[in-house]
Structure formats: structure tokens, C-alpha cells
Amino acid sequence: MKYPQTLENLISCYKKLPGVGEKTAERMAFSTLKMDEETVQLFSESLKDVKTKIKKCIICNNITEDEKCSICKDNTRVQTTICILEDAKKVQMIEKLKVYNGLYHIVEEPVTPFISSDAIDKNINPLIKRIIENKVEEIIFALKLTIEGETTAAYISKLLEKQEVKITKIAQGIPHGADIDYIDSLTLEKAIEDRKVI
Ligand SMILES: [Zn+2]
């Protein structure tokens, strides 16, 4: 039996979420049906708002509702250390640990042999400029420990060869090829503290 079209549509929407299969999507759709009007309203508004109000910080690419993110706006943070990673979710993960008080920079597209010069211009060059102009003293790579992550780190390091920047990367306790998304917070905390000069 097929459900009414409206419900089928909602099920297909939920199925677009990562890790949600048919059964879970059905369960979510039925639980939505049981929600009161106000909650459903909140759901739909939040969904729309996330697309219209959330943008990228003009300095670090972190997510924000303003021009600059709360981290870039915070003058009490160490302005001469930048942690480089590939998505805003990881910024949040590191922030939760409360062991790091520097700034961040999100490199959205990893450097690969096929990367276009446009992507380098958009993605890497603003970071290099930021490091040089702000006299950054240390950069910490917290990129994925994959070939792409390593290549990106090597590429950035090369561009900074002539600068007086200490280059470190989080390392210890993180298995090769692991995504820090799946690492427990204690391991990640240790990895930041034990970062190595590369
Ligand atoms: Zn920012």
C-alpha cells in the first residue's frame, strides 16, 4: 500500500538525510504527523532559515548569521594561531573541548592534482594572504589524515616556506585515514595538545 502523496513526499525528504533509510524515514514522517501545529511550524521555519540566514564568515569560512563569525569577532582569542580544517562541524567539535583558543580557517576544497587554479584562488590564496597579513605565528593542520588532507597541508606549507610560521599538525592517537568526526573527544583533545611541527 502506498501512503497518501503528501506523506510519501515527506518520507522522501527524510530519506535525503544521511543515515536515514526507508524505515526510519517512515517513522520520522509518522512522528511528524503527530506533532502539534506549532512544532511543525518551527520545523519548517528552521529548515528555511538555515538556507537563507546562514552564510560563510568572510574571514574564515565558518558558518555565521553575520558577516564575521563569533570566533573571528572575539578579540580575546589568540590572533596569531590558525587551525586549518575542512568543515564548520569540526570547528564546533574542537570548540567543545575548550583546549584551543586560537582562530580557524576552513579550506573547503582539498588540493588534488586536478584542482583548478580558480579553486586555488578561492580556497587557498585567501588563507595564505590572511596568514601573512596578520603575522600569524603558528598554523595547525587538523585536516583529514587522508592523501587529500596531506596534499593540502603540503601545498599550504610549501607556499609558506619563506614565512616565519610554525607549522604543526594534530597527530597522536588518530589512526591513519581517520576522519576526526569519528574520534572521541579525549583523543582529539590529546591530538591538539600533542601537535607536532612538520
Ligand atoms: Zn570567522
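Leaving aside neighbours within four places in sequence, C83 is in contact with I94, Y100, G102, Y104, I140 and A142. Contact here means that the C-beta atoms of two residues, placed from the backbone, lie within 7 Å. C83 also stands opposite I140 in β5.

First, the ground rules. The model is predicted: local features need pLDDT of at least 70, side-chain atom pairs count only at pLDDT 80 or more, and totals for chains, interfaces and linings use all residues. Residues are numbered from 1 along each chain as its sequence is written.

Now the overall layout. The chain has nine helices and seven strands. These are DSSP runs, numbered from the N terminus: helices are H or I with at least four residues, strands are E with at least two. The C-alpha atoms fill a box of roughly 65 × 35 × 35 Å along the principal axes. Domain 1 covers 5–52 and domain 2 covers 69–197. Those bounds come from an automatic or database domain assignment. Taken over C-alpha atoms, the two domain centres are 35 Å apart.

Of the 198 residues in the chain, 23% are buried. A residue is buried if 20 or more other C-beta atoms lie within 10 Å of its own, exposed if 12 or fewer, and partly exposed in between; the C-beta atoms are placed from the backbone. Among contacts with a separation of 6 or more, 57% join residues 24 or more positions apart.

Next comes the sheet. Five strands form an open sheet with mixed pairing, in the order β4-β3-β5-β6-β7. Two strands count as paired if DSSP finds at least two bridges between them. β4 (103–106) and β7 (196–197) are the edge strands, each pairing on one side only.

β3 spans residues 81–85 and runs parallel to β5, residues 138–141, with four bridges between them. T81 has E138 as its bridge partner in β5. β3 is also parallel to β4, again over four bridges. In β4, H105 is the bridge partner of I84, and I106 is that of L85. To get from β3 to β4, the chain passes through α5, and this β-α-β crossover is right-handed. Right-handed means that, with the strands pointing away from the viewer, the path from the first strand over the helix to the second runs clockwise.

How well covered are these strands? In β3, four of the five residues are buried, leaving the strand mostly covered. In a regular strand the side chains alternate between the two faces of the sheet. β4 is covered on both faces: L103 and H105 are buried on one side, Y104 and I106 on the other.

A88, K90, V91 and I94 are buried. They lie on the same side of α5 because they cover an arc of only 155° around the axis. That arc is taken from the directions from the helix axis to the C-beta atoms. K89, Q92 and K96 are exposed on the other side of α5. An α-helix has 3.6 residues a turn, so residues three or four places apart point the same way.

Two backbone angles deserve a look. Most residues other than glycine have a negative phi, and most peptide bonds are trans. K98 counts as exposed, with 8 C-beta neighbours inside 10 Å. N61 is not a glycine either, yet its phi is positive at about 75°. N61 is found in the loop between β1 (55–56) and β2 (63–64). N61 is buried, with 22 other C-beta atoms within 10 Å.
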